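Dear colleague,

Please find the structure below, together with its sequence. My notes on it follow.

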Amino acid sequence: QVQLAESGGGLVQAGGSLRLSCAASERTFTMGWFRQAPGKEREFVAAISRTTGVTFYADSVKGRFTISRDNAKNTVYLQMNSLKPEDAAVYYCAARNTPKLIWEESYDYWGQGTQVTVSS
């Protein structure tokens with residue numbers, strides 16, 4: 001069972017930046033980020049492949065967010081720039097070890113989430 005631990009959430013003003021981190025207890029094939037705002041369904045944000053480094057983003061964050069990973073540390077990062085109030089949500093890290101296309105949103109392991117609040 002892979003354990004995921006997110007960190008880096010907090011309060012930021014609109015237009016500001018935050019960097020989220022997610023450390024996995026062991027190697028994983030693909031890691032991703034999702035978010036869920038109050039009263040809304042959880043939505044995909046970004047994903048990255050361990051082997052190829054290929055990334056995939058939701059249209060809503062493309063050009064503002066960057067996902068990266070440090071395979072030596074089994075850690076994935078989400079650099080969030082130009083934050084908007086609508087980016088406020090609980091951000092969840094996810095991982096899987098089953099081979100799927102990078103845009104597939106099925107994951108096997110989930111973190112507890114970290115809160116991101118964006119003030120206008």
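Buried here means under 20% relative accessible area, exposed over 50%, and partly exposed in between, with a 1.4 Å probe and protein chains only. Strands are DSSP runs (E, at least two residues), numbered from the N terminus. In a regular strand the side chains alternate between the two faces of the sheet.

The model is predicted: local features need pLDDT of at least 70, side-chain atom pairs count only at pLDDT 80 or more, and totals for chains, interfaces and linings use all residues. Residues are numbered from 1 along each chain as its sequence is written, and side-chain values use heavy atoms, leaving out hydrogens and water.

S1 and S3 run antiparallel and are joined by four bridges; strands pair if DSSP finds at least two bridges between them. The partner of Leu-4 in S3 is Ala-24.

Leu-4 is also among the residues with the most contacts inside the largest nonpolar core, which has 35 residues. Such a core is a set of buried Ala, Val, Leu, Ile, Met, Phe, Trp, Tyr and Cys residues joined through side-chain atoms within 4.5 Å.

Finally, Arg-69 lies in strand S7 (residues 65-70). A polar atom of the Arg-69 side chain lies 3.3 Å from the backbone oxygen of Phe-29, and one lies 3.3 Å from that of Ile-48.

Yours sincerely

How values were computed:
Polar contact = N/O pair within 3.5 Å; in protein donor to acceptor, adjacent residues only side chain to side chain.
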